[in-house]
Structure formats: structure tokens, C-alpha cells
Amino acid sequence: MGGAAPGMWAGLVLVAFLAASGAGVSAGGALPRFAEAPEYRNGEGCPAPVAGAGVCDPGLVHIAMTLDAHYLRGSMAAIYSLLKHASCPESLFFHFLAADAAAPGVGELRSALAASFPSLRFEIYPFRADAVTGLISASVRAALEAPLNYARNYLADLLPKCVPRAIYLDSDVLAVDDVRRLWETRLPAAAVVAAPEYCHANFSRYFTDAFWSDPELGARVFAGRRRAPCYFNTGVMVIDLRRWRSGNYRHRIEQWMELQKEKRIYELGSLPPFLLVFAGEVEAVDHRWNQHGLGGDNVLGSCRPLHKGPVSLMHWSGKGKPWDRLDAGRPCPLDHTWKSYDLYVDQGDASSASAPSLTSLSSSALPAAVFSW
């Protein structure tokens with residue numbers, strides 16, 4: 001993985017998209033309770049903040065996440081893991097996007113975050129679901145049709161123009177390494193997105209026979225790109241927002257979504273439009289930064305082990321989420337590692353009101369090469 005020039009992209013900002021609808025909210029509309037996480041301080045060599053710069057401080061790194069109320073528990077664990085393993089945790093700045101018509105409201109979400117992370121620097125912005133609702137097609141799983149799954153398409157429009165790049169992360173991830181290493185990924189002039197690629201996967205299965213048989217589509221779409229098109233998981237991406245804006249990539253993605261309404265060229269929700277625009281143009285990132293598929297497939301959510309090799313970020317993509325499986329009493333082995341970062345307070349268990357122990361991270365659940373560089 002390439003490194004940035006010294007001093008470039010020095011800090012960390014986490015951007016998360018929060019909707020407040022769906023499971024995870026009680027019948028009365030109240031959010032669940034979460035424990036307060038430990039405080040983490042910067043180590044040596046961290047950048048000093050620029051007075052008055054705020055979110056435009058060049059020492060910040062920007063990371064984006066999409067979340068809804070059901071995933072709030074996952075987001076809390078993800079934030080906790082990122083803070084714990086960051087070399088400069090006090091440089092983290094979170095931008096949260098909340099669905100503008102959902103309940104509970106922004107104030108309640110703000111209070112929940114501040115209660116668990118009192119020193120967290122963050123802001124919450126409303127996201128208009130109607131910006132994308134008319135473009136969404138039916139998918140193999142209803143959860144994939146949620147408008148906030150498409151919020152990543154609008155990231156460059158929503159963040160302040162002074163933000164040069166962002167790491168996009170799904171909410172069902174767990175960092176076990178310093179995300180600064182991912183931030184320092186070099187994006188050459190021809191690249192807008194960097195992500196782990198999986199060229200062994202059957203790329204053709206992400207599109208319908210109608211797509212591949214259409215003489216105006218199929219292989220012609222990917223002709224002339226930097227490399228042969230490969231699958232990449234959009235749950236972990238480094239995005240150059242300035243290049244995204246100048247190239248109007250949101251519009252390019254929306255054009256494919258509009259065509260999908262006419263011809264049904266794919267079956268999965270927000271992933272295929274990204275593949276249509278970026279496959280073959282992605283700057284490859286080490287696979288350690290997206291050990292994905294831990295949630296099984298989109299139908300059964302079966303248990304899956306880690307891929308071979310070192311691990312920096314674990315990703316429960318697929319139907320099975322660790323908090324759901326733990327609550328149901330049917331956890332997969334790696335779900336216990338996620339539990340080490342779970343801040344959720346069980347209302348019937350007073351002992352859960354403090355942050356969880358992280359001792360399980362030294363167990364055999366993670367390979368010995370987890371931090372080998």
C-alpha cells in the first residue's frame with residue numbers, strides 16, 4: 001500500500017450517516033442506552049490543530065459511514081474501535097448525516113453520541129431521502145433498498161468543499177489497526193477511488209443476462225479502462241472528493257440507476273452502479289483493510305471465517321449482523337470479537353453500564369498476523 005507524503009492527511013475525521021428509523025428504537029421511539037467509552041489521547045507526533053480552522057483543518061482525515069437506527073449499535077462499536085486503535089484519536093472529527101424525516105431526531109442522536117464519547121468532535125447533518133428514493137430499484141434483500149445505502153453517492157455534495165478526501169466505511173465494521181495507515185493510501189492522478197479488489201470473484205454475476213447480452217452494454221462498458229474490471233466492496237473506500245466533484249461522479253452513478261429502472265441490468269442495491277462507474281479504475285488497497293463477508297450472504301447470513309492473511313479491519317457485510325446474532329443466542333465465533341467493543345447497555349443487566357473489556361482481542365479469534373506490516 002502506498003504512503004502519502006510526510007505531513008499529508010495527518011489527522012482523522014470520521015463521517016457517519018445516521019438514519020433514525022427501523023429496528024433498534026423502542027416502541028416509544030427512544031434510542032437504546034450505551035455505555036461511556038474510555039477516553040483516548042494523542043500519542044507523540046500528532047498534528048497540532050490549526051486555530052480557527054475547524055473541519056477545514058488540513059491535519060484532519062475524513063471518514064464516512066452510512067447508518068440507521070438498527071445499525072446505531074454497530075456504529076457505536078465501530079467508533080469505539082477506531083478511537084482505540086488511532087494513533088491520534090483527538091484528531092478524529094465525525095460528520096453524521098441523519099435522515100431528515102426520521103424519529104428520534106437529531107438532538108437525541110447528538111445526546112447519545114455525546115454521552116458515550118464526551119470528547120468526540122462531531123457534527124450532524126440532515127439527509128433528504130427523497131433525493132434518491134425515485135432512483136432506487138427492488139433488490140434481493142429489502143435492507144439494501146434503504147435510501148441511506150445510497151448516501152455515499154452524495155458524499156462530495158454534503159461535506160464542506162474544503163474536505164479533500166474521505167474514507168467511507170460501512171457501519172458494520174471493526175477496526176483493529178490504526179486507520180491512519182489506510183488514510184495514507186496514495187491515489188494516483190487517474191484514480192478517484194481506492195479500495196481492496198477481489199479479482200478472483202465472478203464479476204459477471206453482479207449483472208443480469210440482459211446487461212451482458214445488450215450490444216450497447218456488457219463488456220463494452222468496461223472497455224478502455226486502466227485494468228480489467230474486478231469486484232470491490234463499497235463498504236471500505238478511500239475517495240478523492242475533489243476529483244469526484246470535478247468529474248460529476250454522482251451524476252454518472254445516477255444515470256446507471258435510471259437505466260436500471262428501464263432494463264433491470266443488476267439485482268443488488270447500491271453496489272452495481274459503483275462497479276459500472278469505477279470497476280477497472282480503482283486503485284487497489286491491501287485486502288487486510290476489508291476482511292469482508294463476516295455476515296454471510298444476503299439470504300442466510302451464515303458464519304464465515306476470516307480470509308487468509310493479516311487483518312486491519314473486519315467487516316460483517318451480508319445479512320448476519322453480530323449484534324443480532326448475539327442477542328438471538330446464535331453468535332458466530334468472530335461475533336465475540338465484535339462484542340468486545342459493544343457499548344450497548346442491556347436494560348436488565350446493571351453490570352453492562354460500563355465499557356466492555358477488550359481482552360478477547362488477544363484470543364485465537366484473530367490471526368497472529370493481525371498487526372504485521
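Tutor: We will go through disulfides, then aromatic rings. Keep in mind that this is a predicted model.

Student: How many disulfides are there?

Tutor: The count comes to four disulfides. One of them joins C46 and C88, with the sulfur atoms 2.1 Å apart.

Student: Which hand does the disulfide of C46 and C88 have?

Tutor: The torsion about the S-S bond of C46 and C88 is about -95 degrees, so this disulfide is left-handed. C46 sits in the loop between strand 1 and strand 2, and C88 in the loop between helix 1 and strand 3, so the link ties together parts 42 residues apart in sequence.

Student: Are C46 and C88 buried or exposed?

Tutor: C46 is buried, and so is C88.

Student: What about C56, where does its disulfide go?

Tutor: C56 is joined to C162, S to S 2.1 Å. The torsion there is about -80 degrees, so the disulfide of C56 and C162 is left-handed. C56 lies in the loop between strand 1 and strand 2 and C162 in the loop between helix 3 and strand 5, so this pair ties together parts 106 residues apart in sequence. C56 is partly exposed at 39% relative accessible area, and C162 is partly exposed at 25%.

Student: And C303, what is it bonded to?

Tutor: C303 forms a disulfide with C332, the sulfur atoms being 1.9 Å apart. C303 is partly exposed, with a relative accessible area of 45%, whereas C332 is buried at 4%.

Student: What is the overall pairing order?

Tutor: With the bonded cysteines of the protein chain numbered in sequence order, the pairing is 1-3, 2-4, 5-6, 7-8.

Student: Switching to rings. How many aromatic pairs does the structure hold?

Tutor: There are 22 aromatic pairs. Among them is F127 with Y154, a tilted pair at 6.2 Å centre to centre and 55 degrees between the planes. F127 lies in strand 4 and Y154 in the loop between strand 4 and helix 3, so the pair ties together parts 27 residues apart in sequence. F127 counts as buried at 3% relative accessibility, and Y154 counts as buried at 7%.

Student: How do Y249 and F278 pair?

Tutor: Y249 and F278 are stacked, 5.2 Å centre to centre with 25 degrees between the planes. Y249 is in helix 7 and F278 in helix 8, so the pair ties together parts 29 residues apart in sequence.

Student: What lies over the face of Y249?

Tutor: R252 does, at 4.1 Å from the ring centre. Likewise, the charged end of R165 sits over the ring of W183, 5.6 Å from its centre.

Conventions:
Residues are numbered from 1 along each chain as its sequence is written. This is a predicted model: local features need pLDDT of at least 70, side-chain atom pairs count only at pLDDT 80 or more; totals for chains, interfaces and linings use all residues. Side-chain values use heavy atoms; hydrogens and water are left out. Rings of Phe, Tyr and Trp (its six-membered ring) pair if their centres lie within 6.5 Å; planes under 30 degrees apart count as stacked, over 60 as edge-to-face and the rest as tilted. Helices (H or I, at least four residues) and strands (E, at least two) are DSSP runs, numbered from the N terminus. Buried means under 20% relative accessible area, exposed over 50%, partly exposed in between (1.4 Å probe, protein chains only). A charge sits over a ring if NZ of Lys or CZ of Arg is within 6 Å of the ring centre and within 35 degrees of the ring normal. A disulfide is a pair of cysteine sulfur atoms within 2.5 Å.
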